[in-house]
Amino acid sequence: MSTVSASIQEQMPKGVSLWDDAWTRLKKNKLAMFGLGFLLFVGVICLLTPWIAPYGYEAQNLRLGASPPSAEHWLGTDTFGRDMLTRIMYGGRVSLMVGFIATAVALVIGVTYGAVAGYAGGKVDAVMMRLVDIMYALPFMIFIILLMVVFGRNLLLLFLAIGAVEWLTMARIVRGQVQSLRQMEYVEAAISIGQAPSRIIAKHLLPNVLGPVIVYTTLTIPSVMLLEAFLSFLGLGIQPPQSSWGLLISYGVETMEEYPWLLIFPGLALTLTLFALNFLGDGLRDALDPKASRD
Amino acid sequence: MFRFIALRTLQAIPVILAVITVTFFLVRAAPGGPFSTEKAVSPQVQAALEAQYQLDLPMHQQYFNYLADLLKGDMGPSFKYPGRSVDELIFQGLPVTAELGFYALIIAVLIGTLAGVFAALKPNTAQDYVPMSLAMVGICMPSFLLGPLLVLVFSMWAGWLPVSGWGASPGDKILPSITLGTTYAAYIARLSRSGMLEVMSQDYLRTARAKGLPEHIVIFRHALRGGLLPVISFLGPAFAGLLAGSFVVETIFQIPGLGRFYVQAAFNRDYTMILGTTAFLATLIVLFNLLSDIVAALLNPRLRYQFGSK
């Protein structure tokens, strides 16, 4: 008996899971793979910065002053004679950290909120989503600036503030998905055998909304990083001695006429990373949801 | 339709009120009063100052007073510019910001829809890839990087355009408008491309072609109306983004607009000014969202019913 079923299994085509399938599609997308590769590269460098940075973060060489790129300082030095490559590496740590942590905050709030609203349905859902509608209408950028002004430029607050803005769309996406999944027979089956709603949401619903969530997360990270850079540029985000790409760009602007490399290199680091994230996000959308058009 | 507009307008009122309330209490909750300076002020002077600006009243009374003043259009005196009111400062900056935003919006809509429609006419060819790659650059290049780079190239190196200013020398409005408009041109290009592609595969377009209409009429009369809907819905959020973007652009180009006042007020901790500008800008944004929703609903009846059924 067992040999028969084994031979049947051999004859059957090998099952392709959604994830295998998506990965195959993603691998064919050169831009997305470039994005993934570039991000891994930047991520590893930023992780290892304290060990591989060519110079110390605060190490100055005042005698050198601002110098253009050279063999010793690949990306030149700033007006204090500090190595730009080192500063961009440390700045990248902060920029990426803000991007990932604030997105994680948005992810947790948005997915929970959306899943609960979608699962509960009815009045609860109506009230919860109306609240989201109202919050959509609020001019958050102005509020974030206000928060930063009023409560000081606190990194934790920055994460919370940015996360608080970005969860809305996530909640909408998850809610829509959960709402349609909830009608499925397997969920009804789970309800009928008396599983707790929290378990149904966590075990049966969330794994199935993972696709759109991953796609939207990848696209949220660059917008969060832009927001951080924007605030830091205005002097309302990351404060010295800490640094981020946005802050480095704002320093670069002050001296761009004499020392353009101080603007161009941090600008390049930020733009290329945002590029890579967007390419990867678009690629993931095509891979995970072949029906969705790329816009 | 009337029901939609009425409902949607009624919905905007609590939002505006919420914005003003949150802003008011946030600003009041800020550590350090508006007059805490390095110089120690004697308690009597402090009390006199607080009495003059009615800061000695209970919080709720200050709040209702503020609301009552707001209804009369009075946003109070500026804390940092003695003798000048917030209204005065706002209406001094508003025309400048409005002009900048208007040019930027024109650039964004014109270039964006042109590029998007152009790309959608021949999808997955060079005619599609080139504008869409440029759009990706526009989205990834923040305005605070694009602006300085444009200044570096066109003003400092080429010497064609002024480095900064607004209306002081010829051509000084060009770079700020481009800087502010580019990001939105990029978003609009992507939106109009996908909107057009979606519409192009619809049956009613096949019908239009089948009855022998020339291609330009099919595109301009039938496809554009549906294809550009996403762009119209995007204009509301884009307007909010333009205002926030004007903070940066006005700072870079030293333009005396609202955005620059706001950033300065933020740094000076000029609380009435922050409160007034926030309330003003927020109301403007909410109203613009309202307007873009109404226009979108006028063009797309389905949106109306969706709303009415809720």
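This is a predicted model: local features need pLDDT of at least 70, side-chain atom pairs count only at pLDDT 80 or more; totals for chains, interfaces and linings use all residues.
Are A:Arg285 and A:Asp282 buried or exposed? A:Arg285 is buried, and A:Asp282 is buried as well; here buried means under 20% relative accessible area, exposed means over 50%, and partly exposed lies in between (1.4 Å probe, protein chains only). Residues are numbered from 1 along each chain as its sequence is written, chains are lettered from A and ligands numbered from 1 in the order in which they are written, and side-chain values use heavy atoms, with hydrogens and water left out.

**View 1. A salt-bridge network joins A:Asp282, A:Arg285 and B:Arg190.** A salt bridge is a side-chain nitrogen of Lys or Arg within 4 Å of a carboxyl oxygen of Asp or Glu. Inside chain A, the closest N and O atoms of A:Arg285 and A:Asp282 are 2.9 Å apart. These two residues are three apart in helix α11 of chain A, so about one helical turn separates them. A:Asp282 also meets the side chain of B:Arg190 in a salt bridge, at 3.5 Å from N to O. Across the interface of chain A and chain B, the rule finds one salt bridge.

**View 2. Chain A meets chain B.** The contact (heavy atoms within 4.5 Å) takes 41 residues from chain A and 48 residues from chain B. Together the chains bury about 3,900 Å², 77% of it on carbon and sulfur atoms; buried area is the accessible area (1.4 Å probe) that two parts lose on being put together, summed over both. The rule finds one salt bridge across this interface. On chain A, the elements that give two or more residues to the side touching chain B are α5 (122–137), α6 (140–150), α9 (197–234), α10 (245–254) and α11 (261–288). The largest share of that side, 11 residues, comes from α11(A). Helices here are DSSP runs (H or I, at least four residues), numbered from the N terminus.

**View 3. A:Ile145 and B:Phe144 have the most contacts inside the largest nonpolar core.** This core has 155 residues. A nonpolar core is a set of buried Ala, Val, Leu, Ile, Met, Phe, Trp, Tyr and Cys residues joined through side-chain atoms within 4.5 Å. Leaving aside neighbours within four places in sequence, which residues is A:Ile145 in contact with? They are A:Phe230, A:Leu231, A:Leu234 and A:Leu236, along with B:Phe247 and B:Tyr262. A second, separate core of 15 residues includes A:Val111, A:Ala190, A:Val213 and A:Tyr216.

View 4. In B:Lys173 and B:Glu99, the closest N and O atoms are 2.8 Å apart. B:Lys173 counts as partly exposed because its relative accessibility is 26%. B:Glu99, with a relative accessible area of 23%, is partly exposed.

**View 5. B:Arg206 and B:Asp203 meet in a salt bridge.** Their side chains come to 3.5 Å, N to O. Both residues belong to helix α8 (residues 203–210) of chain B and are three apart, so about one helical turn separates them. B:Arg206 is exposed, and B:Asp203 is exposed too.
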